[in-house]
Amino acid sequence: MSTPTTWRYKDLTSIERLTREEIETVHHYAAQFKKSLDRSQKKLPTLRGKTVINLFIEPSTRTRVAFEIAAKRLSADVTTIEEAASSLVKGESLRDTAEVIQALNADLIVIRHRSAGSADYLGKLLDIPVINAGDGAHEHPTQALLDTFTMKERLGSLEGRKVVILGDILFSRVARSNIWALKKLGAHVTLCGPATLVPEGFRSMGCEINYNLRAALADADVVMLLRIQHERQASTHFPSVGEYKALYSLNEERASWLKPNAIIMHPGPVNRGVEIDSALADSPQSVILEQVTNGIVTRMATLFLCLTKANELRNAQAAPQQ
Amino acid sequence: MSILWIQNGRVIDPANNRDAVGDIYAVDGKIVDHLTPDQQQQAQVINAAGLVVCPGLVDVHVHLREPGQTHKEDIRSGSRAAAAGGFTTIVCMPNTSPVADNSGTIERIRNSAKVNSIVHLYPTGTLTVGMNGEALAPIGSLKQAKVVAVTDDGKCVQNNELMRRAVEYSHMLGLVVMDHCQDATLTKGASMNEGEWSMRLGLTGWPAAAEDIIIARNIVLSETTGAHIHMQHVSTKGGVELIREAKKRGVRVSGEAMPHHAYFTDEACKDYNTNFKMNPPLRTAEDREAVIEGVIDGALEIIATDHAPHTDYEKDCEFDKAPFGVIGMETALATCLEVWLHSNRLDLPTLLQRLTEQPAKLLGLPAGTLSTGAVADICIFDPNERWTVDPMKFQSKSINCPWNGLTLRGRVKHTICAGRPIWDGERILEADA
Ligand SMILES: [Zn+2]
């Protein structure tokens, strides 16, 4: 392996804080781990003896399962604590929950939580690494890492590429993390969707905003669809699902405005017929299932980096006392 | 007989346009214009050379949490925090538990103040029953129980018809209505200013419009009823401009600025530190500038603190779950000096007027001046002494202070309430039992 490993923090709580080199380090290890998927013996001994706790105080199936599989592939033991199933997190403060988990001798926590900043908060409280699996509308760093990994697999370098993120930007941690990651990797980002869901403030992150779908999609290399959570927004943020479809749903005709080799992405779960026509979601342009597969290998890479780097940090702290 | 002789200080008394080095005398709790040779012999002397001597500061917006939440603060600790900050008169908000919407609770507060407060303390009552914004509180009875104003601070009456009646009724009784200006439909789930930083941090934003809409409503209601409405903690550029323009037309409105809105911007929230979570929230640099400018030209003629204590364990949590509010009495003078004086934005007499004469005038309180015959409430401070903020050393029970660790210029050296020294720059001076 020729790429040098760059990794500065014990935690992975945001993409905003990472350097381009750190993002590329994750991609590098993800590619290595992806090769191992083709072997008959998929399990690697890398994290044998380590205990990973998945603390999912907000429900999520696909992210939780991807982290579980990733940890198991690296031979770590995994325990998942979910809000509904656990008295540990019910009504208990996040600090108390964190201290219990530390006392349980966990080596790493993966946290999904409704409050923005909760992963940072936990990372500051604990000595063990914390990986953010989604904190409110703030960030979802591993999603951005797997998304950019998938784009690079299909398109090569992202330098100068045009990526359109379409839909609910305001409430989306996936959008925020992807914007940070894409800008660091040299891509141009255009945001599109109803003005109520695409605030002007995003220009300060270096994005273009275009409320016209045709203009936004013109010559794009990637269109990333975001889930419309209509139960939450339909009352105030746009008139109806029908109107959203009429203006912003991706269909074959609209997909033809993209570049010929452009790809279509979606973090899932997909509302078929709302964000995208069902047939288009299953077309060769769509990389939705590749995203799921890559979700495992990028998370293997982040678990590996956080745990080995945490060891290095601990050793570095211990050294002067010798 | 208690006699006090404060010598050679720079005496600034904005109410009397006085700014000159000289002496101040107090006999039996009142300011006098000279001491007899006999009295000079007996006087307790304070050498104020190199220091500023001004009226005791007046804070028309504090939360003392008594009754009901005395784990955060109580009248005893809150009044000592005031003393340490140079305040000798404070006005407490009625969002206690139970809320001060009846004369019984007001009496309870005043009785506790008699025993526990070392500064002059005046209560306010609520505008509506339970602060629920649905029915008028017994404002006449509250007036008889000696509230100095009415407010639903912490909340804002959303129903315009009810607000109109509250204003008319209070006006009849000669009570100022103080309003916390917040349109609740625009701030659902919001925990910080809506803008670039809320967007980056993924926190639900609190638009400036939520404040401006209510300020505009209140201006209209003041204009149509002739009543005085005071806008609490104005934090937006739009709000400052609305008030400035209304005053030019002769509308009876006033406005209040907070040191934290003049000192910080919403960028301070970037590490999710809950000590920067307050209501209204920290705003943009442009809003901050407007608040500073508003105090300079008098659009906001009053500076108050919105001292809002919360315990460390209540603030130690996720940002969106933390309670709103920060403490401020013990840092107010220094932060105001940093913002307005040391930046050469405003002269000291005018700044002190916003902290003494104006707030006293708003509510007709016997305070805020060193006139002969006035109650001898005095603050003596060094405008240049540097100190590093350490909330653990504060008199307040709570430590939710956004200036924690910052070095500020301006230190209160003596606080004197009704002729009695209560703070010596280091500690509270308790009365002899
Ligand atoms: Zn308020």
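The side chain of Asn193(B) makes a polar contact with the side chain of Asp266(B), at 3.0 Å. A polar contact is a pair of N or O atoms within 3.5 Å; within protein, one must be able to donate a hydrogen and the other to accept it, and residues adjacent in sequence count only if both atoms are side-chain atoms. This is a predicted model, in which local features need pLDDT of at least 70 and side-chain atom pairs count only at pLDDT 80 or more, while totals for chains, interfaces and linings use all residues. Residues are numbered from 1 along each chain as its sequence is written, chains are lettered from A in the order in which they are written, and side-chain values use heavy atoms, with hydrogens and water left out.

**Around Asn193(B)**

Asn193(B) sits in strand β11 of chain B, residues 192-193. Strands here are DSSP runs of E with at least two residues; helices are runs of H or I with at least four, and both are numbered from the N terminus. Is Asn193(B) buried or exposed? Asn193(B) counts as buried, because its relative accessibility is 2%. Buried means under 20% relative accessible area, exposed means over 50%, and partly exposed lies in between (1.4 Å probe, protein chains only). Leaving out residues up to four places away in sequence, Asn193(B) touches several others, among them Ser198(B), Trp206(B), Asp266(B) and Pro281(B). Contact means heavy atoms within 4.5 Å.

**Chain A as a whole**

Chain A has 12 helices and nine strands. Its C-alpha trace spans about 65 × 50 × 40 Å along the principal axes. The radius of gyration of chain A is 20 Å, which agrees with the value near 20 Å for a compact globule of 322 residues. That radius is taken over C-alpha atoms, and the globule rule is 2.2 Å times the number of residues to the power 0.38. Buried residues make up 57% of the 322 residues in chain A. Now take the contacts in chain A with a separation of 6 or more: 73% of them join residues 24 or more positions apart.

Val189(A) gives a local view. This residue lies in strand β6 of chain A, residues 188-192. Val189(A) is buried, at 2% relative accessibility. Val189(A) and Cys207(A) are 18 residues apart in sequence, yet 5.2 Å apart in space, C-alpha to C-alpha. Cys207(A) is also one of the residues that Val189(A) touches, not counting those up to four places away in sequence; others include Val163(A), Ile165(A) and Leu182(A).

**Salt bridges**

Side chains of opposite charge can pair when their charged atoms come close. The rule for a salt bridge is a side-chain nitrogen of Lys or Arg within 4 Å of a carboxyl oxygen of Asp or Glu.

| Pair | Closest N and O atoms |
|---|---|
| Glu58(A) and Arg173(A) | 2.9 Å |
| Lys259(A) and Asp221(A) | 3.2 Å |
| Lys247(B) and Glu301(B) | 2.8 Å |
| Glu16(A) and Arg200(B) | 3.9 Å |

Start with Glu58(A) and Arg173(A), whose closest N and O atoms are 2.9 Å apart. Glu58(A) lies in the loop between β1 (51-56) and α2 (62-73) of chain A, and Arg173(A) in helix α6, so the pair ties together parts 115 residues apart in sequence. Glu58(A) is buried at 16% relative accessibility. Arg173(A) is buried as well, at 14%.

Lys259(A) and Asp221(A) pair at 3.2 Å. Lys259(A) lies in the loop between α10 (252-255) and β9 (263-265), and Asp221(A) in the loop between α7 (213-217) and β8 (222-225), so this pair ties together parts of chain A that are 38 residues apart in sequence. Lys259(A) is partly exposed, at 33%, whereas Asp221(A) is buried, at 3%.

In chain B, Lys247(B) pairs with Glu301(B) at 2.8 Å. Lys247(B) is in helix α8 (residues 237-248) and Glu301(B) in the loop between α10 (285-297) and β15 (302-303), 54 residues apart. Lys247(B) is partly exposed, at 24%. Glu301(B) is buried, at 14%.

**Where the chains meet**

20 residues of chain A are in contact with 13 residues of chain B. Two salt bridges cross this interface. Glu16(A) forms a salt bridge with Arg200(B). On the side of chain A that touches chain B, α3 (94-103), α4 (118-125) and α6 (173-184) each give two or more residues. α4(A) gives the most, with four residues.
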